[in-house]
Amino acid sequence: MSKYYVTQDIKRCIGCRACETHCKTKNSVPDGSSYCKMMQVGPRNVKNVPVTDFVYMACFHCEQPWCVAACPTGAMQRRQKDGIVFVDANLCVGCKACMTACPWGVPQWNLQTGRVGKCDLCKDRIEEGLEPACVTKCTTGCLSFERPDEASKEKRQRFAENILRLKA
Amino acid sequence: MKKSVYSICGMCAVRCPIRVEVENGKVVWIEGNPNDAAMGRSLCAKGASGIALEYDHERPQAPMIRVGPRGAGQWKIVSWDEALDHVAGKLKTIMEKHGGKAIALSDRGGPYNDLTKAFLRAVGSPNYFTHGATCERNAHHAVKNLLGYGRGAVKYDYKNTKHMVFYGRNIVESIMVKEVKAVTEGLAKGAKMTYIDPRASVTAGKATRYWRIKPGTDYALNLAIIHTLIKRDLYDKDFVTRWTTGFPQLAEFVKPYTPEWAEQETEIPAEEIVAFCQEVAEDAPHVIFHGGWMNSRYPDSLYASRMAVIINVLLGSVEMPGGMWFAKGPGAAGRKGLKTLVDLMPKPTDPRCDGVGTEIKHIDAGPGLIHLLYPCIETGKPYPVKAYFAYRHDPLLANPDPEEQKRIFENLDLLVSIDVNYSETAWHADVILPEATYLERDNILQAVSGLKPAFYRRQKAVEPLYDTKPMWWIVKELLKRLGKGDLFPFETIEDIWNYQLKDTDVKIGDFDAKGFVSLAKDPIWMDRKDGLKFPTPSGKIELVSSVMEKAGVPSFKPYEKPSTGPEGSLRLTHGRCGYQAHGQSTNNPALHELLKENVLWINTKEAAKRGIKDGAMVEVSNDAARGKIRAYVTDFIHPDVVFMLHGFGRTVPAQTRAYGKGLADQIFAKGLLSEWDKAGGGVTLLECFVNVQPAS
């Protein structure tokens, strides 16, 4: 069962791309690929304010990952104990089946090795009881590392508070 | 073997506290210093890219002496002994002929400049400069001659405010981690934000109100806001009566500047200005009218900034939670401050070459005005300046018109760049003295003022990878060679730290636990009823500034319309994004990957008129320069201006990633070295006009 879930409070996000850079330096991600990426939308006009939003795109660590199903060599794997989907680069043959299968463009091509790499939620840090690099060092704290069941509660709470604040 | 080191980031001039993890002598992890509650582990992309800087081979790896013509890129790699002997030899000759005052140095200010100022004093020169004339000088003098506090001491409580107002202060992209965390926290708590800028930066998108103001008319807007606050009795009379001088003159001065008049100037509807004034008056005193930072823009930027700060005063937002407040030094906590290195040196007897402090009395002499150094170098008046050190400052990038600067530099006998990077100036210099990166060096201790003043320490996390040295060592070695070693009696950084801490009851070891030493338990606020202190001549907030008036500079200046360029031209503006620091790290491997080149923002209608398509190459030109850049066609910029990020179009071949990518704005700034706001000291960097057409 998936135990982890990275959520983003888009309102709090400033598009500073610290998450991308922390991921890059921590995981030695090669040039041209990004295990997590901020996708910019805008500026666009929202009630006379030119809003630029940034959407955090990493891996969703699916319960039934299509990338794993598509992988012919067993390189792409899902950890039973916590649902982390990761790739063992030693087994990867660079066939790109996972890239084709994933609807969100998560698996990243490594130009230097001709193999695939991807977000593994910094599983080495998780082993130490820590959180992924992107979440740990997010500039404004807009990223959170949560349990999927608790994230839903928090989201509802935030929504409720916002509604009441608007009324006040 | 893993070790953890508390230090200070050095990827930009903000200097956030960090914690560095080192494994087998290599930096593997950098995060915010979690002991500092406002910081936490947060760190921006620039901070993250410190690891990429450390292990980048495209930085100067040893001292270099020029062997070809200036700027030709022909270098001899030398030992530190040879480089320092060479520099000291040149300096001696210059000093014998012209005196120590013929040596100038610029850096970018900040908490470590006690060291560079001490170096200059030791050689007998008053000519210390910062980059401030192209940055914060207008914003600084706006508060200094009004409140008595410098810009660095004027702070804002974003977390608890009800309304924050920014005039082109792109607060979420000009990242200071603690500040931007407070801003987003304030917004999450329901604060309003009004953002005023001809261009929709990312900050605009966080606002609750956005005004796409006509460029160069902030001053008109502020005059109308003050007019409205006074006319409609929306200001804090008790506070104004108790703490200010010159209110009647202000009230009289703003009388003609109605919202209806301002609408014609700013293109902001009069009724919106009035509604805004009512809104901020309701939110007062928990309001912030930001006085600006990089305000070296227009000939009236000092006044625009001054009026913004006056609005805080009128609304009682002074030393106020949720409003403007003043940073407290160690003295306010009943503690002693750090001893300064400058105090070890004889005071310079000569006046500054730029006349600041002697002829120009309303401008702070400390950092001078860098653009006024150039005429001294060129003409030898009031006296010759023959040696120039650019220390972690890149005048050919930061100051206008690099070609003109290079021409003037031909009068120098010695141009030295001390830098971690190959800056534009370093490549043009006679000698490059490569400084060790912030991860490889110790700095002198710094005192940080705030509600809780503290001392912070930058200490090295790893040994230098290349043959580079810390600045304190370079200063020590140069002074020794100049026969001034007795003035700087330190051999190690610990010697310096011990000297700095001498009067305090803090020991070096006290920094180990957290990376800093806090000097106060609780936040220090002045008593707003009777205990406010304003270090002005009158001890009050001087709406009519005695310092300015005495210098013949009016406290209030009648409004003048902004200039317009030649027919068909557009005003060239520039700025920054959240993942580049002005241009000092355009070549950083990690940051370069995020942004390889800049683009030119141009308004949709203006682009259509000229046949420019989104994403197509355009040619930008004027009398000074010509260059190509990709167009970003958008509704979200005022038709009178175009915009590009600063720091691109690099000319240093050794920076292979950034070399030749995008376009530099400063090359178009012809004549701006001598155009400045006489009231505030800032160069008018936005008085720059260009033609834009599709590239052939």
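**Note on the domain 2–domain 3 and A–B interfaces**

1. Domain 2 and domain 3 of chain B share 14 residue pairs in polar contact, with both residues at pLDDT 80 or more. (A polar contact is a pair of N or O atoms within 3.5 Å; within protein, one must be able to donate a hydrogen and the other to accept it, and residues adjacent in sequence count only if both atoms are side-chain atoms.) On the domain 2 side, α5 (137-147) and α12 (301-314) of chain B each give at least two residues to the face that touches domain 3 of chain B. By class, that face holds ten nonpolar, six polar and eight charged residues.

2. The model is predicted: local features need pLDDT of at least 70, side-chain atom pairs count only at pLDDT 80 or more, and totals for chains, interfaces and linings use all residues. Residues are numbered from 1 along each chain as its sequence is written, chains are lettered from A and ligands numbered from 1 in the order in which they are written, and side-chain values use heavy atoms, leaving out hydrogens and water.

3. Chain B is assigned domain 1 (64-135 + 347-441 + 466-503), domain 2 (137-327 + 535-550) and domain 3 (570-694). These bounds come from an automatic or database domain assignment. The C-alpha centres of domain 2 and domain 3 of chain B are 28 Å apart. Their contact (heavy atoms within 4.5 Å) involves 24 residues of domain 2 of chain B and 25 of domain 3 of chain B.

4. How much area is buried between domain 2 of chain B and domain 3 of chain B? About 1,900 Å², with 55% from carbon and sulfur atoms. Arg199(B), Arg212(B) and Tyr298(B) lose the most area on the domain 2 side, together 28% of what that side buries. (Buried area is the accessible area, 1.4 Å probe, that two parts lose on being put together, summed over both.)

5. Lys214(B) and Asp640(B) form a salt bridge through their side chains, 2.8 Å from N to O. (The rule: a side-chain nitrogen of Lys or Arg within 4 Å of a carboxyl oxygen of Asp or Glu.)

6. Now the chain interface. Chain A and chain B bury about 2,900 Å², 60% of it on carbon and sulfur atoms. Ile14(A), Pro50(A) and Lys137(A) supply 20% of the area buried on the chain A side, more than any other three residues. The contact draws on 36 residues of chain A and 37 of chain B.

7. Two salt bridges cross between chain A and chain B. Glu185(B) and Arg12(A) meet in a salt bridge at 2.9 Å, N to O. On chain A, the elements giving two or more residues are α1 (18-27), β2 (37-46), β3 (49-57) and α5 (133-136). The largest share, seven residues, is from α1(A). The chain A side has 13 nonpolar, twelve polar and eleven charged residues.

8. Gln446(B) lies in strand β18 (446-448) of chain B. Is Gln446(B) buried or exposed? Gln446(B) counts as buried because its relative accessibility is 5%. (Buried means under 20% relative accessible area, exposed over 50%, partly exposed in between; 1.4 Å probe, protein chains only.) Its side chain makes a 2.6 Å polar contact with that of Tyr112(B). Leaving out residues up to four places away in sequence, Gln446(B) touches residues including Ile8(B), Arg15(B), Leu338(B) and Phe455(B).

Note on methods
Helices (H or I, at least four residues) and strands (E, at least two) are DSSP runs, numbered from the N terminus. Ala, Val, Leu, Ile, Met, Phe, Trp, Tyr, Cys and Pro count as nonpolar, Asp, Glu, Lys and Arg as charged, and the others, Gly among them, as polar.
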